[in-house]
Amino acid sequence: MTKQDINPVRLRLELKEDSLSDRDQVMLKRYGESTTGNSLVRNIIIPSDMPLHNLHYAIQRLFGWRNSHLREFLLPKEVYDKLTNGTVKGWSDLVGVLFQPPSEGEIDVFWDDDFDPDGNISFTSWLRNQYIGPYEYGGHFEHPEVAQADVQELLHSRDEVEVRESFQEYSERSRKDGDKEVKIKKRAPMIDLTLEELKAAILIENGTDKLLESLLVDDVLGFQNETAKNDHFPATDELIYHYDFGASWVVHITKHENYDDLLEQHLVFPEEIEELEERVLKEHKPFCLHLDGLKVIDDISGLSGFAEFLETKYEHRYRSEDSKWLSDWAKSMGWRPTKIVPKKML
């Protein structure tokens, strides 16, 4: 893609947690500057040639994380099930097209994670360099021919596999008939299994649902209700970014054709949009147009943990030493409670 072919693309990123308590939501509204109380939102403009891999670094900067945990880009479950038809054959055909091969894992995802805390460049500057174009893929496994060779090696690693009953099935059955031996439900080649049967038969550490990070955001993500135009692209009208599998931060990503909603709510000026679209193309980097909510912090157990942090910091500041300790810790993690200028975030 030449620079003349690049266009500005608007994305909406919503960090959301549905199971927050009423108290958590009050804290996020009162001190976290969240309009809804259960989400933080960033509206950004990216170059149309930006891959998911580089979007990851922008998301880290936008929400205040430190790139210190595992992450994955996923399709919504219903989209994944429809594309793969729930079968190993359906999944394996899309390895190297949409999905990472089984051996990729951390090996390739972190191919350019070379930040040196003892070096001459700050973490913020290093992170910024990761989402500024031009973009290129420097890993190994996501090349289509390599990805397909990898999945075929897995499928032909044994003639057939045994699919055993699940623990729940075994537990319920053994209570009824007293037979303590685990039953084998079927023996078959991997290619003839469903994805659920594959997971019951063998362990694939990388899973089967992680998207290739070399995919362009603008290719894989369509507008709402947009159908595939070319093969499987766009694949979905929503992407899911999952970061820190313990805390389980989840960002929902959608693509929008215009800025009417932001303009109608008087959240941005038309001149701002025009300025940032021009800068996206000129500087070959993403920009934040509008935000709702403060940045969060790594290692704090999701939005509920962040709400608890805000409550301790602000509600207990006159009667608890925890408030000062937490403030010092948050500062060491790069967190600042100051007002953020959207277009300077990235």
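1. Arginine 12 sits opposite threonine 254 of strand 7. Strand 1 (residues 8-16) and strand 7 (residues 249-256) run antiparallel and are joined by 6 bridges; two strands count as paired if DSSP finds at least two bridges between them. Strands here are DSSP runs (E, at least two residues) and helices are likewise (H or I, at least four), numbered from the N terminus.

2. A word on the basis: this is a predicted model, in which local features need pLDDT of at least 70 and side-chain atom pairs count only at pLDDT 80 or more, while totals for chains, interfaces and linings use all residues. Residues are numbered from 1 along each chain as its sequence is written, and side-chain values use heavy atoms, leaving out hydrogens and water.

3. Now the sheet as a whole: 6 strands make an open, antiparallel sheet in the order 3-6-7-1-2-8. Strand 3 (71-74) and strand 8 (287-292) are its edges, each pairing on one side only. Neighbouring strands are turned by 20 degrees against each other on average, direction ignored.

4. Have a look at helix 12 (residues 270-283) too: helix 12 lies across strand 1, strand 2 (39-47) and strand 8, at about 135 degrees to strand 8. Angles run from 0 to 180 degrees between N-to-C directions, with axes fitted to C-alpha atoms, for helices over the stretch in contact; contact means heavy atoms within 4.5 Å.

5. Finally, a helix pair. The axes of helix 2 (residues 52-63) and helix 6 (residues 123-131) come within 7 Å and cross at roughly 145 degrees. Among the residues that meet are Tyr57 and Arg61 in helix 2, and Trp126 and Leu127 in helix 6.
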